[in-house]
Amino acid sequence: MLLLVARKMGNEAYFLSFLIGFALILSLKLASAQMVPAIFVFGDSLVDVGNNNKLPVSVAKANFPHNGIDFPTKKATGRFSNGKNAADFLAQKVGLPTSPAYLSVSPKSTSAFMTGASFASGGAGIFNGTDRTLGQSIPLTKQVGYYESVYDNLIQQQGLSGAQKSLSKSLFAIVIGSNDILDYSGSSDLQKESTPQQYVDSMVLTLKGLLKRLYASGARKFVFAGIGPIGCIPAQRIKNQTDHGCNEGSNLMAVSYNKGLNSMLRELKSNLTAMSYSYFDTYTLFLNIIQNPATYGFAEAKAACCGRGKLNAQIPCLPVAKYCPSRRDHVFWDLYHPTEATAAILVDAIFDGPKQYAFPMNVRQLVAV
């Protein structure tokens, strides 16, 4: 219609020049907004964007209502959230689309992973056995294996030096470990095999080996999220019949793991000199949100928004569950996961936060390295 108007005005050449110029300006703006070539995401349901939808026998899925009620499409996507999760917000921060779920991409696609991929899977852990009670997930070992296949694919497309140059500037986000601790706290067999400290030490050692594999396949800039106060999620609180207080045993394991992870990262950095990273102290900020919800705009920090029973945590967020009318008032969406609003606060802190929460640098600083 606009072109027809331009013809009638005798200004077709001018109009076409205007369109070309406008398109060029727009493309330059978009390019400047993109801070990194790609984001590769590894982890669990906190950052799963749909991989578990493709697992045939997994019960750890979120591709049904009321999940996604606040997502732009108003539909469930496989995210364990009322809307976007941390992976979405991190991608937005660096000017990229959300990294696609690896299992949702056709293996014949030649350009699908140019801006990254998500290997995250609900129920996944550092150890391979964390999905024993949930059915099927993609443990971190397998996620890294999938990435190594993508690495080979990128080399075929860009050549070795081209792929390595792009990957050296890309982000590798890792959000994992909560399911391992929840698995330990609920398994008498695991508790007989090792003490809590031995267990978290083994988690850190296993993760170290997987990080070395990622480094060998081009990863240089890492974003780590420490484990949050998982003893305070509704699923853990409901086990405390007296006051629905936090499970301090799970919280202590999270603190111990985070301490070990930080120590390991410093050691790894000294050996892998081209490595740089940002570690986010999820535990401290998330606990502060739970203990002082009003400061962050929340009214409810114990009960889940979606579910049934006490704390909305006795029955999961299934289609038969009830959900709160104002999700922004709740810290937790369901019995395990934060709301979109909580995830946004956490990502804001890791991206631009002070060293109190993000160290030795935040993600904005990491991108500039």
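How many helices and strands are there in the protein? The protein has 13 helices and ten strands, taken as DSSP runs numbered from the N terminus, with helices being H or I of at least four residues and strands E of at least two. The model is predicted: local features need pLDDT of at least 70 and side-chain atom pairs count only at pLDDT 80 or more, while totals for chains, interfaces and linings use all residues. Residues are numbered from 1 along each chain as its sequence is written, and side-chain values use heavy atoms, leaving out hydrogens and water.

Start with the whole protein as a surface. It exposes about 16,600 Å², of which carbon and sulfur atoms supply 58%; areas come from the Shrake-Rupley method with a 1.4 Å probe, and for residues only the protein chains shown count as cover. Of the 369 residues, 53% are buried (under 20% relative accessible area; exposed is over 50%, partly exposed in between).

Next, select Ser-178 in helix α6, residues 178-185. Ser-178 counts as buried because its relative accessibility is 12%. Leaving aside residues up to four places away in sequence, Ser-178 touches Asp-44, Ile-227 and Ile-230, a contact being heavy atoms within 4.5 Å. Across the protein, among contacts between residues at least 6 apart in sequence, 70% join residues at least 24 apart.

Then move to Val-320, in the loop between β7 (306-307) and β8 (322-323). Val-320 has 57% relative accessibility and therefore counts as exposed.

Notes:
Buried < 20%, exposed > 50% of the residue type's maximum accessible area, 1.4 Å probe, protein only.
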